[in-house]
Amino acid sequence: MRTARFMFGREFAIFKYLVAVTDHLAAFMFFLGIAFSYFARKSGNKLLSRIIYLAAILGIISGFVIFGIRMHNPKGMNLPLLAFNRKLIIFIAGAAIVSSALALLNLIRAFVFKKDNFLSKIFCYTQLFVAVILVTSSLMYLIPPVIQFTREFVYFGEAGISTNAMLRALGFVIGIFVCLLLLLSSYKVHRSLETEIQKITFLFLSACAFALEFSAASISALQRLKLIPLTDNIFKIMIWRGENPNAFLYLQLALGVLMFAFVIITHTKPRGDFANKALLRKEKARLRDCRRWSWSLCVFGAIVVFIVVVVHYYDTKPPAEIQPESYEISENIISIPLSQVSDGHLHKFSYVTPNNFDVRFLIVKKPTGTAYGVGLDACEICGIAGYYERGNEEVVCRRCDVVMNKNTIGFKGGCNPIPFDYEVRNAKIYIDVKNLIEHERRFK
């Protein structure tokens, strides 16, 4: 029973960064696999595919450079890089829209002329130029947050090497691995498509999904840069995007299911005549390989959905509200034995004031040392929404989902529980009720 809880319980630290990495990269990886496939098909001498690979490498390097700039001067570069990221989102949206438009025009050209001609080469090289810009800028935007995740494996007060830190790192690695397998599967399945029209169609649909994602994000970026006013419609778009963060990931994966079904249906039996049985066996093996990669795309797409929906829900679902614990009170002084709150978990208490306000407060023993964190079950930002405990080290706001490390409880600022005066002596915590009555209006 203990093993099952360790593997699947809320304290399983692997979930947080598994979800974060998968959610952050999956949609782009699916699109990138199709882009790699399209230009690899076009390149008889591998030149075009190598150019797009170099664009990806350049984007990754640029992402590391941006992250390095921020780390070199975190305070000085925070606001400039925030503005830069917003402008980069707008730029990516524009490049994705142009890429979609070019793919649509190329699709029309393919329907009209059927075969490759001089016009198809013009489209190909123009698309390549836009794809290089799009891939480089997208990775420049996506990579810095991924690198930042690696700096968060060790929480404040933890040892440099701990079980939880290793589990967080493992979740990060698995998330990267799943995204890379999704990229490889989309690449292989797109290459299995037999006609140019089929390949351009799926490139166009994937580019459109990517363009819609960043276009929605660019609305928020434009508004925060004060380039567009905050109208009712703009506000509705921003709210919708906040409430449906994975909508465009699902759109890309739905496209993957469509591509999977198309390949499975069209790659069942060899067509045409074969000079000998060896060529027939070779064709059967090719079709079988195409079907297997299609199933692979379907499986990894399902894994991505499972991670960003089920695992994310399971990892972030607040527990039921815990009932306040009992304590002793004498001459308006509350006393709570340290032994009652020394297990490292969050303990909640309640005091009803003479004016009938139910003032809730929290106590937790900090992971390092012998100090205790004491504060109201409320904060300056989110009011009396309260907090819950997630895992062994996180205290989470029920309203905004901001995580407070237990070592910071008792400090002012941000979404931390509002601190108040108390004393620790004779193995007990003493709280004067007047310090709670001062805050009673918060709990009306």
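Select Arg109 to start. At 3% relative accessibility, Arg109 counts as buried. Keep in mind that this is a predicted model.

Glu196 pairs with Arg109 in a salt bridge, and the closest N and O atoms are 3.0 Å apart. Is Glu196 buried or exposed? Glu196 is buried, because its relative accessible area is 12%, under the 20% limit.

Stay in helix H4. This helix covers residues 74–113, and Asn106 sits in it. Select Asn106 and check its surroundings. Asn106 has 0% relative accessibility and counts as buried. Which residues does Asn106 touch, leaving out those up to four places away in sequence? Show Tyr38, Phe123, Gln127 and Ile200. Of these contacts, look again at Gln127: its side chain makes a polar contact with the side chain of Asn106, at 3.0 Å.

Next, colour the charged side chains. Side chains of opposite charge can pair when their charged atoms come close. The model has 6 salt bridges.

Go to helix H10, residues 277–316. Select Arg286 and Glu283. Their side chains meet in a salt bridge, 2.9 Å from N to O. The two residues are 3 apart in this helix, which means about one helical turn separates them. Compare their surfaces. Arg286 is partly exposed, with a relative accessible area of 33%. Glu283 is buried, at 18%.

Move on to Asp377 and Arg360. Here the salt bridge spans 2.7 Å, N to O. Where do the partners lie? Arg360 is in strand S4 (residues 358–365), while Asp377 is in the loop between strand S5 (372–376) and strand S6 (387–390). The pair is 17 residues apart and links distant parts of the chain. Both Asp377 and Arg360 are buried.

Last stop: colour by pLDDT. The protein chain averages 85, and 92% of the residues score at least 70. Confidence is highest in helix H6 (residues 163–192), at a mean of 92. Confidence is lowest in helix H1 (residues 2–8), at a mean of 35. Select residues 1–11. The pLDDT is below 50 over this stretch, which has 21 contacts in the model beyond near neighbours in sequence. Where pLDDT is low, the predicted coordinates should not be read in detail.

Definitions and conventions
Residues are numbered from 1 along each chain as its sequence is written. This is a predicted model: local features need pLDDT of at least 70, side-chain atom pairs count only at pLDDT 80 or more; totals for chains, interfaces and linings use all residues. Side-chain values use heavy atoms; hydrogens and water are left out. pLDDT is the predictor's confidence in each residue, from 0 to 100. Helices (H or I, at least four residues) and strands (E, at least two) are DSSP runs, numbered from the N terminus. Contact means heavy atoms within 4.5 Å. Buried means under 20% relative accessible area, exposed over 50%, partly exposed in between (1.4 Å probe, protein chains only). A polar contact is a pair of N or O atoms within 3.5 Å; within protein, one must be able to donate a hydrogen and the other to accept it, and residues adjacent in sequence count only if both atoms are side-chain atoms. A salt bridge is a side-chain nitrogen of Lys or Arg within 4 Å of a carboxyl oxygen of Asp or Glu.
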